[in-house]
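Thanks for taking a look at this one with me.

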Amino acid sequence: MLTVSNLAFSYKSQRKFSFPSFSCAQGDALLILGNSGTGKTTLLHLLALLLQPESGSIQINNQEFAKLQPKAATKMRASHLGIIYQKSHFVSSLSVLENLILANYLAEKPLSKEQAVRLAKSLGFYELLDKKTTLLSGGEQQRVSIARALMNNPDVILADEPTSNLDDENCDKVINLLENQSKSIGAALVIVTHDQRLKDKFSNKIILS
Amino acid sequence: MLLKISWKNILDKKLNSFLCILLMTLGIAIISLLLLLGKQLQDKFTKNISGIDMVIGAKGSPLQLILSSVYQIDNPTGNVYLSDIQEIAQNPLVKEMIPLSMGDNYLGYRIVGTNKKYLEHFKANIETGILFKKDLDVILGAQVALNTDLKIGDSFASAHGLDAAGEVHDHTKYKVVGILAFNNSVIDNLVLTSLSSIWNIHEHNEEMENSEDKVAEHPENEEDVDMDKREITSALIKFRSPMGLMSMPRNINQNSKLQAALPSIEVNRLFELLGIGVDGLQILAAVIMLISGISVFVSLYNSLKERKYEMALMLSMGASRTRLFLMLLLEGVLLALFGFMAGIVLSRIGIILISNQISKKFHFDVSQMSIQTGEIYLFAGALAIGILAAALPSINIYKLNISRTLAEE
C-alpha cells in the first residue's frame with residue numbers, strides 16, 4: 001500500500017511544486033496524468049526516492065520513506081521499488097539476461113536466473129536473452145525494462161511515460177502487461193504520463209495541472 | 001559481477017582497449033628489455049673484471065687498454081717489453097701477473113698468447129684435449145669451437161691483425177690441442193696459445209722480410225736481443241692487498257714508459273657513458289607508458305560520457321558510488337595488467353631474438369629470463385598509471401546527479 005500526502009518540492013531555479021495526496025493499494029493501479037511542465041517527472045523521482053521532498057510523506061506498507069538519507073534511500077529503492085524509465089537504458093556491454101540479473105546483484109539479493117527466464121517467457125522475449133540490449137527494437141527494450149523492474153518483486157512499480165512512443169495496439173498491450181504483472185506479484189502500479197489514451201483505462205487517477 | 005562488467009566493457013570497446021594495451025605493452029617491453037640487457041651486460045662485464053686489479057700496457061687511452069686486455073673488444077694500445085713488466089711484477093705488492101700477447105686472429109677470433117694463469121684466473125676448464133705445451137699448440141674457447149667447427153687435431157693459419165681480413169701467416173700453422181668448456185666470460189671467444197707461439201710466428205715473419213730486403217744488421221747477437229726485448233701487449237695484475245691500488249698505478253704512470261689502468265674505474269666510466277643512452281631509451285619507454293595511461297584516460301573519459309545514463313541507472317538500482325568507482329578502476333587496472341604481461345612476454349621474445357642475432361659473439365645466459373627486481377617496480381608503475389588514468393575520469397561518478405541524468409533525454 002502506497003500512501004502519499006502533501007508532497008512539495010522546489011528546484012533551485014525556484015520552481016515550486018506541491019502535489020495532491022493520493023494512495024494506491026497493493027495490486028491496484030494509479031494513473032497520474034499531466035501535461036509537460038506540471039511536475040510529472042519530479043513527482044516520479046520523488047516517489048522513486050531520487051529526490052528528497054521538502055515536506056510531505058511517502059509511506060509504503062506504513063513505512064516512512066520521504067525522510068531517508070541518500071544511502072538508505074538507495075537501499076530501499078532497490079528492494080521495494082521497480083522503476084521503468086521513460087527511455088529504456090541498459091548496461092550496454094551486458095546481454096539482456098545479464099542486465100536482468102544485474103538488478104538482483106545491485107539490490108544485493110540472490111541472483112535468480114529462473115526469475116529472469118520466467119519473466120522473459122511471460123513478456124515474450126525469451127529468445128532475446130543472450131543478445132546485447134543495443135540490438136533490440138524499442139518495443140523489445142521496453143519489455144526488458146519492465147522485466148527488470150519486476151526482478152526483485154517490488155512493492156511498488158513506477159512507470160514513467162511507458163506508452164508515449166507506442167501505437168494504439170502496442171499501447172494497450174504494454175498497459176495490460178504492466179497491470180497483469182503488478183497484480184501477479186501484488187505490487188501497487190503507478191503510471192505517470194501525459195498520454196490521454198490511458199485516461200479511460202484507469203479508474204484511479206490524478207490529474208496534475 | 002563487477003569484474004565481469006569491467007571485462008565486458010573492455011571487450012565491448014575492442015579497438016580502444018587494444019590501443020591502450022598496445023602502448024602499455026610497448027613501454028613495458030622496452031624498459032624490461034633494457035633491464036634484461038643491462039643486467040646481462042653488467043654481469044658479463046663484472047665477471048670478466050673480477051679479480052683483476054690493474055692492467056699494464058703501452059701508453060694511450062686507459063679505457064682502450066682495459067677494453068682490449070680485459071674484454072678483448074678494442075685494439076691494443078701497442079706493445080711493451082716483457083722485461084719492463086717483469087720488473088714491476090717484482091714489487092712485493094703484486095700477487096700475480098698474467099702476460100697477454102695479441103695481434104693475430106682466426107676468422108675474427110683473437111689469438112691470445114698467455115700462460116696457464118689466465119685460464120686459472122677465469123676458472124676455465126678444458127672440456128676435451130690438453131693444455132698447450134709446445135709452440136703453436138692452441139686451445140679454443142667454447143664459442144670459437146662451436147662457430148668454427150675446428151676439432152682437436154685440426155690445424156689452421158692465423159691472419160695478422162685483429163680482424164679476419166688481415167694478411168695470412170700461411171707458412172706456419174697452429175694446431176688445436178684442447179677445447180674449453182663454456183665459461184660465460186670473454187675466454188669463450190678466444191683462441192689461447194703460449195706466449196712463445198706468438199713470438200715464434202712473428203719472428204719467422206721478420207726473418208722472411210729481412211731476408212727479402214737483405215738487411216740483417218745484427219745477425220750475430222739477435223738471440224740475446226730477443227731474450228731481453230721480447231714484447232707482449234699487456235699484463236693483468238692482481239695485488240696482494242689494496243695498498244697496491246694506492247701507490248702503484250700513479251708510480252707507473254708517472255715514472256715509466258708504461259701505462260697502468262684500473263678496470264674498476266674505467267668500467268664505471270664506460271657504464272656512465274652507456275648509461276646516457278640507456279637512460280634516454282628508458283625515458284622514451286616511460287613516455288610511451290605515460291601515453292598509454294593518457295589513452296586509458298581518454299578512452300574511459302569518452303565512454304563515461306556515453307555511459308553517464310548507464311551509471312545513473314546502476315546507481316538508482318542500488319549500486320553505491322564507491323562500487324561503481326571501483327568497477328571503473330578495475331577497467332584501468334585490467335588494461336594495465338594485460339599490457340604489463342604482454343610487455344614482459346614481448347621483452348623475453350626480444351631477448352631471444354637478439355641473442356640469436358648476436359650469439360656468435362655473445363653467449364647468452366638463459367637463466368636470467370626470470371622476473372627482474374626492476375620489473376617489480378615496473379609492475380607497480382604500470383598499475384599506478386592504470387589506476388590513476390582510470391581514477392581521474394571516474395571520480396565524476398561521485399558528482400553524478402542521478403535524478404537529473406535520468407530525467408534527461
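1. A term to begin with: a residue is called buried if 20 or more other C-beta atoms lie within 10 Å of its own, exposed if 12 or fewer, and partly exposed in between, with C-beta atoms placed from the backbone. This is a predicted model, in which local features need pLDDT of at least 70 and side-chain atom pairs count only at pLDDT 80 or more, while totals for chains, interfaces and linings use all residues. Residues are numbered from 1 along each chain as its sequence is written, and chains are lettered from A and ligands numbered from 1 in the order in which they are written.

2. Let's start with strand β4 (residues 109–114) of chain B. Six of its six residues are buried, so the strand is largely enclosed by the rest of the structure. Helices (H or I, at least four residues) and strands (E, at least two) are DSSP runs, numbered from the N terminus. In a regular strand the side chains alternate between the two faces of the sheet. Both faces of β4(B) are covered, with Tyr109(B), Ile111(B) and Gly113(B) buried on one side and Arg110(B), Val112(B) and Thr114(B) buried on the other.

3. Most residues other than glycine have a negative phi. Gln72(B), however, has a positive phi near 55 degrees; it is in the loop between α3 (62–69) and β2 (80–81) of chain B, and it counts as partly exposed because it has 19 C-beta neighbours inside 10 Å. Asp149(B) also has a positive phi, of about 65 degrees. Asp149(B) lies in the loop between α6 (142–148) and β7 (155–156) of chain B, and with 7 C-beta neighbours inside 10 Å it counts as exposed.

4. Now to the interior. A nonpolar core is a set of buried Ala, Val, Leu, Ile, Met, Phe, Trp, Tyr and Cys residues joined through C-beta atoms within 7 Å. The largest has 107 residues, and Leu158(A), Val190(A) and Met24(B) touch the most other members. Helix α2 (residues 14–49) of chain B gives the most to this core, with twelve residues. A second, separate core of 48 residues includes Tyr109(B), Leu140(B), Tyr174(B) and Val267(B).

5. Chain A has six helices and ten strands, and buried residues make up 46% of its 209 residues. Its radius of gyration, taken over C-alpha atoms, is 17 Å, which agrees with the value near 17 Å for a compact globule of 209 residues; the globule rule is 2.2 Å times the number of residues to the power 0.38.

6. Finally, helix α10 (residues 263–306) of chain B. At 1.5 Å a residue its 44 residues should span 64 Å, and its end C-alpha atoms are 62 Å apart, which agrees; the expected span is 1.5 Å times one less than the number of residues. α10(B) bends by about 30 degrees at Gly275(B), the bend being the angle between axes fitted to the seven residues ending there and the seven starting there.
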